[in-house]
Structures are given as structure tokens and as C-alpha cells.
Amino acid sequence: MSRIVGIDLGTTNSLVAYVDEKTGVPRVIPDRDGQALLPSVVSFVSEGVLVGAVAKRQLVRRPESTVYSVKRLMGRGYEDVKEELCYLPFKVLPCEGIVKILIGSREVTPPEVSAIVLKSLKERAEAHFGESIEKAVITVPAYFNDSQRQATKDAGRIAGLDVVRIVNEPTAASLAYGLQRIREGVVAVYDLGGGTFDISILRVQDGVFEVLATNGNTHLGGDDFDRAIVMWLLDDIREKHGVYLGRDLEAMQELRLAAEAAKIRLSAEERTVLTIPFDAFTYHREITRGELERLLERLVDSTLLPCRMALADAGLASADIDEVVLVGGSTRVPLVRRRVQELFGKTPHSQLNPDEVVALGAAVQAHILAGGITNMLLLDVTPLSLGIETLGGIVSVLIPRNTTIPTNARELFTTSVDGQRIVDMHVVQGEREVAKDCRSLARFELSGIDPMPAGMPKIEVVFLIDANGILQVTATELRTGKAAAIEVKPTYGLSEADVGRMVEESFTYAEADVEARLLIEARNEADTVITHVERALGQGRQLVGADERETIVTALETLRRARATDDRVLIRETTTGLNRATEHLAELMMDAALKGALASRRADEIMEK
Amino acid sequence: MDHFEVFGVPRRLGIDAAELQRKFYELSRRGHPDFHQGAPPERQAEILAASARLNAAYRALRDPIGRIEYLVRLEEGRDTREGATVKPKAPPELLEEMFEIQESLQEAQSSSQPGGLEAGARATLAAHRERLLARHQEEEHRLRGPLSEAWDSGGAAERADVITAFKEALAARAYLRTVIDDIDEALGEVREGHVSHRRH
């Protein structure tokens, strides 16, 4: 069997991993610079597309054409996401059930953006093995519904990958842990990532990883933490500097990145200082861990209800849990750890890197599928109940949530009018009793029924949820035994034809070549330095003499001219030249800023007393 | 193939949970699609169907009450799908109390107070709830214990009566569950897993 890699397609970062056949140990594949994490960011530039760290550096420069956190849009309709669109700098439009992202005059769908990330990982793996990689296991949040799973599968296809399995992130993580030290018992996996939250309760016994229950929220994660911090900073800036930056796309990206960095620092430190230079002023703010925790408390606490619901569905109490495993970068936040520990009354495990453990688990599952491991088996569940709409809009559940997959349900349909040749059915997913409150998955049309008196035809419809958690529907007319034709209209998602077209078009989103990328990077760097120097000249011109000012202005002009050329070496050199010319000014400004920050801190302390 | 046949066990209700789980894992290891990725597509479809059948069988048989619901459907030739087996029906001796409860519930619905109820009415409803819950548990014990044993030891003639008794007990249990859920809602104590009670 050909090689299968494991891919964690994350909200913030993505990774690719494989199991070393000699040692049986799963390993993450790093890029040429040794980086394992590929930021899930795609920037559309005239030279092509940029992916990963290079794209991430475009966030502030090109907010409108740099797409991040696209996982939150996967398999979603406009109505699902419209409330959070105001936080995204790129334009998102409704489009036949799904959403499209508008980049200049180009439209791309979320699966196409994810495909660009997947393709980059595919190429990374190909460079590593020196062979073509065509098959992958891709992970998704356990609480992803059918449309979100399907969208992920579509992304794989567009990237030229045969997605042999969609596996749930928390269960993948449990496989990675299980491989290292198989222990029998009941395990709770708490997975809080950049954009999604999952809780899965598993029983591990004799190498079988049986998921008992799962719950979660596909719209809760580190992104929401950052957003809470940004909202708070916006208020603080308005108070201190009298400006509201909420509508300034570039400033918002600066704030978001600074908030994220401060949040990360506060996992290790008790207090940290944020310094963000804007055109008109430089913003300083000290944040303590206590302040951060007050901002995040509500969000963190909202993960506890799904945990309790999963326990209830598994028929267990928190005392029945033998081990707790933490997965996802957001579980580094001390408040999260504290809350999980309080809930389960146990110190959670986090020996494996929470950023990598899902990819490692995906690699293990890939190895199982390739026949490399035969003593481990994962039995997962479907996270949401599947039902059909009946008369009056009430849902009749066919497959309850937390049913082990693969699973199926059969239902008999008939006609209500003499000679009726078509029967419609509406399939929904969710826990509400009324169909309109659930997630519409698809409308099916059974056609080609022989004309008979009403109620005579007996059409047996089989709903099968496969091991990917994806629904397949087949129908048979029982009297004739012939398969009924089914036309599926997915409510959210791409049609077969769409995916086919996107596979063909995917080459238009080829990654910019190395030379183009280096030029973009050089220009970026130049832009950053130019902006900083303009700002410094504006804010600190009184700090240096006329001669020094003159030298800086000349160097600035030289760089501006160089930037307009395609000569990246020249741009680099003149950028260094300008940097050197402003070293002294930068030092003076830093001193002034430090004094300012100290003064304001002292003032705060006095206020507190 | 019915769920009992999938596990190769007779149509009996006395099933050891640990033994059933052991068999489930063993059969899963043998027939899970994960271990047959190299098989031709037709064979894979068969394996998928068999795996789905195994999972459905395990789900239906592992819970003592679910097992009875399945058995009733099977005996009556209604082997279609999981879900409600019987229509909820009030136990006759409780009719009077039900009437009272329904009245309080309606009152709660029409009241504008948060929680919808005064302290006195709340206490009365809570007391009703306790009694109904005890009764609900009683029905479950009867189903799992004496009635299941009667099925396993009975001959064909007795078994027909046991099926009737199963249906009555299941209907009463379903009814009690619905009323308890309604009371919880009125008391503003909608608990997690509330939906699952209604559904399964």
C-alpha cells in the first residue's frame, strides 16, 4: 500500500506527520527551516499565493487579501458566520448555501483556501520522502457536522489528495498518547484549539479506543480569547488616546497579533507589556495575568457545560475518569488548566506537545489504515443526532448522537397521492426537536417511483454514516427491488461538479516561486522600515539635530526608489542602510518610551493605593 | 440477521455486559473497515455494512431497557430502526395525580414570573416529581428484573404475555419521563442531557 500521511488542518497552524516504519514512532515533518508548524494563513499576491509564515507576515500589510482562520468558515452558511465577519479583514460573501471570500476581483471558497495549505504540506512531505504523496488522513474537530467534514474532504481533493479518512482531533490525540503508553481506563480528552473546542470521553481497553461520548463547540477557541483582549484594548486606547481603531483594518491586525503574543507570554509570566507603534502615537499597556483571566473567564467556563454533557451521555461521573489529556495550543493558558483540573479533580496530562499531538495521532491512524499497526483500533462516534423532518416540521431521529460509527438506519417511505412518482425528504443534524432549529444537511429527492395508489410503494431508505462521520444515502423500492434514483441537494457544500472544476483551477493558486517570494519579503521588510522611520521622524524629530535628520531623510528616499525596482538585493541593502541611519534615533526614542511607560506605571500604582 | 444473531447469542435478555463488550471488541477487530483498506471496493462496501450492523447491534443490546425495546420490535416484526417503540401512556392509577400536575404546569406556562411559579406551587411540583421519579425507577426495575427473567425462562405461551407486559411498562416509563421533563422545564431546572431523555 502506498504511503499515507497524517495531517492536522488547524485553525491557526497545520502540520503533517508520518510513522517511522523502522521504529514505529510518529514524527512531525518540519519544513526546510526546521519549523513543524505551518501557519494556516494564505495571502493572495499578484505573483501567486503565499502560504504559512510568509503569508502570516502579510497580515498587517495586506489585511484584505490575507486569509486566516478559514477553518471557522468551512462547511458553513452565511447565516452561521455573519456575526463574526466584522472581525475578519477580508470580505466574505454569501453564495448558494456556502460562503465565498472575495480577494480583489477573485472569489475563493473556504475549501480552496484550505487546499492551498494542504498542498503546501503535501509538497513538504514529498520533499521529505522524495516521492509523490497521494493519500492522507486529515483531522477535524470531533464536533464538526456533516457539511464541515465534507468541506474538509473537498479541500483534500482540490489539493490532489485522496483523503482516506477524516478522523476526529481528540481521538487522534488519544491514539498518539495511547501508542506511547497504553493504559487501560477511561480517558477524557479536552481539546481547545485556535477556533474549536472538543471534549471526548473514551474507554481504552485491549488496544481498542472506544469513544463513549463527545461534545463541543466548533466556534470557540484561542481566536475568541484574542478577540476578547482586542475589544478590551480598543476601549483602553479610546480612553487614553481618544481614537477608536475598530474600523482600521491594519491597526486591528496589529492589535490582534499583539494580543495573541501577550496572551502567550502571560502563560509563563505574571505580567507583560504591550507596545504597539501606530502612526499618531505609540500605545503602551501593561497586562497582568489576573486581568487576562478576567477577560477569558466567561469563555473558558463555557467549555465546562459540554464536558458535563459528554459525561452525562457516557453515563459517567467526573470521578469515573481515570486520565485527562490536554490537546490544542489554548490549553497552555493556566486558567484553562485550572478549570479542567477542578472539573475532573485530576492533574491533566500534557507530556506530548499540544500543538503536535493531533498530527502525530493522525499519522498513527494513517499507519493503521496502511496495515502497519494491527493491535490498535479506534471506534469513534457521530457527534450529532441525525434525523429527518416529518409532518409539522418535527424531527424524527434516525441515528442518535454518540452512536458508534460506521452505523446505519433504515426507514420506509411511501407516497401520499395516487400516482405520485417523487418523494422528498429533508435530512437534518442536531439536537433540537424542530427541524428549522437543526442543521439542514440535504434535501433528497427519490424519483422514478412506478405510479401506484397512494401508500402502496414501499421505498426503503438506508442512511449510513461511514467511518469518516459522513452520511451516505441509498434507496430501494421494495416491491420491485430496484434502486430508486436519489438526487441530493446538499444545503451547505460544493457539488461534485464544483469540486471537479476547483481541482482543475487549483493550479491558478500555485505558490509564488522562491524568487518572487524573496522579492515580496524584501519589499515587505522595506515597507515596515519605511513606516517605522516615517513614524519616528514624526514623533521624535526634536530628539536629533538637523544634520542627522537630513541623513535619515536621504536614506529614506534611497530606499523608496530601490523599493520600486525588482532588485531584491538592492532593496535589502538600502533597507539595511536606512536601519543603520536611524539606529541612534531609535535608541533615543526607546529611552523616551521607557521613561514614559515607567511614569505611567508609577501613576497606576499610585492610583491603586 | 437480527442483533442477537450478529453476536451469535440466543434471543434472551440476560446478557452479561462485560462479556458483550469483549465480544464487540473481538468482532470489531475482525471486521472493522480500518483493517480492510486494501480490499476491492465491493468487498469494502460489504465490510462497511457488516461493521454498521455490528455497531447497531451493540448499541441496541448493551442497554438493558434498549434491549427490551428492540426485542419487542423484533417479536412484532417491526425491525425498522431505533427510537420510540411504544406510545407513552399514563399508568391508570396515576391519572388523578396527572390531572393535578397538568394544571400546575399550565399555570406555570401562563404565569409571567421568572421560573413561572410561586414557592408553594414549586414545592408541590417538586414533590410530584420525586414520586414520579420513584415510579419511573420502579418500572425500570420491573423491566430489567422480573419481566426480563420471565421472558428468558418462559415458554411460547408465557412469552406472548410478557411482551404485552413489556409494552405496558415501556409505555408507562415513557410517559413518566415526559412528565418529569415537563416538570423540570417548569421548575427551570432543565438539566444537561434533557434532550437525550426525550429522544432515546
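**Figure 1. The glycine after helix H4 of chain B.** In this predicted model, H4(B) is followed by Gly77(B), whose phi is positive, near 70°. Helices here are DSSP runs of H or I with at least four residues, strands are runs of E with at least two, and both are numbered from the N terminus. H4(B) covers residues 64–75, and its 12 residues should span 16 Å at 1.5 Å a residue; the end C-alpha atoms lie 17 Å apart, which agrees. The expected span is 1.5 Å times one less than the number of residues in the helix. Buried in H4(B) are Arg67(B), Ile68(B), Glu69(B), Tyr70(B) and Leu71(B). A residue counts as buried if 20 or more other C-beta atoms lie within 10 Å of its own, as exposed if 12 or fewer do, and as partly exposed in between, with C-beta atoms placed from the backbone. Their cover includes helices H1 (3–6), H3 (41–62), H6 (119–153) and H7 (156–186) of chain B.

**Figure 2. Strand E12 of chain A and its parallel partner.** Six of the seven residues of E12(A) (residues 162–168) are buried, so this strand is largely enclosed by the rest of the structure. Strand E11(A) (residues 135–140) runs parallel to E12(A), joined to it by six bridges; two strands pair if DSSP finds at least two bridges between them. One of the bridges to look for pairs Ala136(A) with Val163(A). From E11(A) the chain passes through helix H4 of chain A (residues 146–158) to E12(A), in a right-handed β-α-β crossover. Right-handed means that, with the strands pointing away from the viewer, the path from the first strand over the helix to the second runs clockwise.

**Figure 3. Helix H9 of chain A and the contact with chain B.** Within H9(A) (residues 304–314), the buried residues include Pro306(A), Cys307(A), Met309(A) and Leu311(A). Gly315(A) follows H9(A), with a positive phi near 70°. The contact between the chains takes 33 residues from chain A and 26 residues from chain B, where contact means C-beta atoms, placed from the backbone, within 7 Å. Elements giving two or more residues to the side of chain A that touches chain B include H9, helix H11 (357–369) and strand E24 (407–413) of chain A. The largest share, six residues, comes from E24(A).

**Notes on the model.** Residues are numbered from 1 along each chain as its sequence is written, while chains are lettered from A and ligands numbered from 1 in the order in which they are written. Because this is a predicted model, local features need pLDDT of at least 70 and side-chain atom pairs count only at pLDDT 80 or more, whereas totals for chains, interfaces and linings use all residues.

Technical notes. Two residues are in contact if their C-beta atoms, placed from the backbone, lie within 7 Å.
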